[in-house]
Amino acid sequence: MGANASSYPHSCSPRVGGNSQAQQTFIGTSSYSQQGYGCESKLYSLDHGHEKPQDKKKRTSGLATLKKKFIKRRKSNRSADHAKQMRELLSGWDVRDVNALVEEYEGTSALKELSLQASLARPEARTLQKDMADLYEYKYCTDVDLIFQETCFPVHRAILAARCPFFKTLLSSSPEYGAEIVMDISTAGIDMPMFSALLHYLYTGEFGMEDSRFQNVDILVQLSEEFGTPNSLDVDMRGLFDYMCYYDVVLSFSSDSELVEAFGGNQNCLDEELKAHKAIISARSPFFRNLLQRRIRTGEEITDRTLRTPTRIILDESIIPKKYAKVILHCMYTDVVDLSVLHCSPSVGSLSEVQALVTGKPNMTRAEEAMELYHIALFLEFNMLAQGCEDIIADSISLDTLIAILKWSSHPYGSKWVHRQALHFLCEELSQVMTSDVFYELSKDHLLTAIQSDYLQASEQDILKYLIKWGEHQLMKRIADREPNLLSGTAHSVNKRGVKRRDLDIEELREILSTLLPFVRIEHILPINSEVLSDAMKRGLISTPPSDMLPTTEGGKSNAWLRQKNAGIYVRPRLFSPYVEEAKSVLDEMMVEQTDLVRLRMVRMSNVPDTLYMVSNAMPQCCHMISHQQISSNQSSPPSVVANEIPESSQVLS
């Protein structure tokens with residue numbers, strides 16, 4: 001009874017290694033913007049040979065700045081070309097047609113926002129707070145009983161000690177497993193439901209019930225004086241992970257599957273084992289929960305309790321590598337995926353690291369580590385960890401990683417959510433992708449998905465141009481694969497001497513592009529006299545010209561762009577930003593011109609003299625005479641005074 005917390009066999013044992021706060025990924029948050037996702041493509045580094053560090057730094061920074069200026073100037077020039085082409089198209093349009101086109105773009109933009117929100121949606125992962133609420137309700141792996149008003153409350157020693165100073169002192173007096181502690185609370189008005197709500201608050205940070213007494217400041221002050229004021233749940237759980245007070249399970253790893261048994265492993269490698277709490281790992285992972293419950297059913301747990309030794313779980317390192325164990329446990333206690341733990345802790349010589357050294361593989365990238373950890377999370381049924389890995393992979397999407405992420409996410413074991421983010425990046429950055437070598441590594445399926453999108457950020461002329469280049473590249477690869485092995489790698493091989501464009505088989509090239517070219521919206525290719533389109537038609541890659549170029553078409557190009565003038569040739573225009581911005585600019589200019597024209601007409605009308613007013617002032621007697629002249633309804637003779645004519649003096653005198 002007199003034992004304190006420090007005498008407990010597994011209390012407050014310091015953990016090996018540190019835990020850096022750098023490079024943390026918080027679950028449920030996204031760091032990208034709505035359009036570009038914040039994933040700026042990386043510029044390829046330039047090697048300058050052996051130079052002094054200061055000179056190399058100055059030269060590198062200078063070249064980087066110069067390269068950024070060139071890229072910015074090139075992008076602005078390209079945007080200016082696209083804008084000029086759109087302005088030439090709209091030059092002969094009526095203002096109502098331009099307005100209809102802008103309205104079409106605005107509708108497509110609204111659909112894009114909805115599509116983006118849908119692509120970002122995914123099932124909600126269970127948080128630490130929700131799992132702790134289930135832990136309190138279902139009583140997994142409890143190790144102490146609290147008796148209050150003749151009611152037993154099974155709880156977890158480590159959690160209460162970490163959350164509440166009152167329970168930390170109380171539980172230290174009864175360190176044995178399954179101890180029954182009678183509660184004596186001095187605060188008045190605490191009944192059984194309220195005591196249960198207090199325990200629920202210690203587990204989750206919320207009372208879990210609506211009770212007016214919790215709104216009473218006096219009662220809350222009395223409870224804080226008796227039990228102490230706990231920190232936030234995140235802070236206390238992080239402290240529990242760092243110091244592992246009252247740990248009751250250790251995780252060991254073995255590369256031999258036959259040793260994955262209850263008492264396998266080497267006792268001398270205890271320092272390399274990872275400490276944890278049964279309550280936490282069973283609450284966060286159904287895999288560990290089922291494993292611990294099976295041990296209870298088989299009676300193995302009774303032996304550990306009798307000997308007061310922590311339960312040892314030996315894991316097969318070919319399934320769960322040792323280097324990821326700390327990352328997994330850290331996420332279980334904090335809901336944070338921190339891959340920096342892999343690099344700041346001392347090497348533990350895991351099987352995966354040894355295999356990497358033997359095979360000569362380079363160090364894994366951050367995205368590759370997240371991919372491997374994602375598979376482990378699915379095996380453990382730990383959705384919070386899985387979504388954290390998805391966030392890391394999506395944040396790593398760039399030109400350098402696009403192909404690898406697309407391939408991985410396309411597999412059945414990959415992430416469909418990551419695949420949607422990679423395709424979105426491809427559509428948003430296609431203009432940049434097409435001008436790089438990455439474009440020729442794209443698969444036909446990925447290209448087909450991209451060019452079907454209404455939100456593709458590339459002009460139709462560029463899409464057609466680079467699709468043909470992609471097809472020619474694929475054809476040259478086929479030719480290289482078909483050539484005899486005797487020529488492979490020699491000066492006469494295809495890879496060395498190259499292939500002339502005229503040597504390519506048009507029929508085979510047409511077969512490669514047969515599923516892609518139909519999705520190029522050739523009706524929207526600008527300029528109208530595009531050389532790329534003419535060349536493709538001469539080569540027979542496009543069998544029929546655009547519908548608006550046929551002699552029977554009326555209305556010209558506008559019929560292919562406007563839904564209102566649908567003559568069977570309308571195709572929805574893509575939401576290509578330079579076209580959209582230029583169309584809006586042209587519409588604004590046309591509206592200003594229309595407004596100025598109306599104002600000019602009003603000014604001209606106001607300058608026209610009122611002739612009747614002048615006649616009235618000049619000939620008052622004539623007007624008086626005309627206004628009082630009686631004209632009968634059956635009068636057949638013409639009137640003596642004609643409107644708008646000044647009568648002669650003889651007529652007036654007579």
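Is Glu104 buried or exposed? Glu104 is buried, at a relative accessible area of 12%, where buried denotes under 20% relative accessible area, exposed over 50% and partly exposed the range in between (1.4 Å probe, protein chains only).

## Basis of the model

The model is predicted; local features need pLDDT of at least 70, side-chain atom pairs count only at pLDDT 80 or more, and totals for chains, interfaces and linings use all residues. Residues are numbered from 1 along each chain as its sequence is written, and side-chain values use heavy atoms, with hydrogens and water left out.

## Overall composition

The protein chain contains 29 helices and 8 strands. Of its 654 residues, 43% count as buried.

Contact is defined as heavy atoms within 4.5 Å. Among the contacts in the protein chain with a separation of 6 or more, 76% are between residues 24 or more positions apart.

## Salt bridges

Side chains of opposite charge can pair when their charged atoms come close. A salt bridge is counted where a side-chain nitrogen of Lys or Arg lies within 4 Å of a carboxyl oxygen of Asp or Glu. The count under this rule is 27 salt bridges. One of them pairs Glu104 with Arg563, with 2.8 Å between the closest N and O atoms. Glu104 belongs to helix α2 (residues 95-120) and Arg563 to the loop between α25 (558-561) and α26 (577-607), so this pair ties together parts that are 459 residues apart in sequence. In contrast to the buried Glu104, Arg563 is partly exposed, at 42% relative accessibility.

A further salt bridge is formed by Arg572 and Asp454, whose closest N and O atoms are 3.3 Å apart. This pair also links distant parts of the chain: Arg572 lies in the loop between α25 and α26, Asp454 lies in the loop between α20 (444-451) and α21 (460-482), and the two are 118 residues apart. Arg572 counts as partly exposed at 28% relative accessibility, whereas Asp454 is buried, with a relative accessible area of 17%.

Arg510 and Glu507 form a salt bridge in which the closest N and O atoms are 2.8 Å apart. Both residues lie in helix α23 (residues 506-513), and because they are 3 residues apart, about one helical turn separates them. Arg510 is partly exposed, with a relative accessible area of 28%, while Glu507 is exposed, at 53%. Elsewhere, salt bridges that share partners join Glu104, Asp454, Arg521, Arg563 and Arg572 into one network.

## Helix packing

Two packed helices are described by the angle between their axes and the distance between the axes. Here the axes are lines fitted to C-alpha atoms, for helices over the stretch in contact, and angles run from 0 to 180 degrees between N-to-C directions. Helix α16 (residues 383-395) and helix α18 (residues 416-428) have axes that come within 10 Å and cross at roughly 15 degrees. The two are therefore roughly parallel; angles under 35 degrees count as roughly parallel, over 145 as roughly antiparallel, 65 to 115 as roughly perpendicular and the rest as oblique. In this contact, Glu390, Asp391, Ile393 and Ala394 of α16 meet Trp417, Val418 and Gln421 of α18. The contact residues comprise 4 nonpolar, 1 polar and 2 charged. In this classification Ala, Val, Leu, Ile, Met, Phe, Trp, Tyr, Cys and Pro are nonpolar, Asp, Glu, Lys and Arg are charged, and the others, Gly among them, are polar.

Helices α20 and α21 pack at an angle of about 170 degrees, their axes lying 13 Å apart; they are therefore roughly antiparallel. Lys444, Leu447 and Ile451 in α20 meet Ile463, Leu467 and Trp470 in α21. This contact consists of 5 nonpolar residues, no polar and 1 charged.

## Surroundings of His375

His375 is located in helix α15 (residues 366-380) and is partly exposed, at 31% relative accessibility. Its contacts, leaving aside neighbours within four places in sequence, are Trp408 and Tyr413. His375 and Ala386 are 11 residues apart in sequence, with a C-alpha to C-alpha distance of 7.8 Å.

Technical notes: Helices (H or I, at least four residues) and strands (E, at least two) are DSSP runs, numbered from the N terminus.
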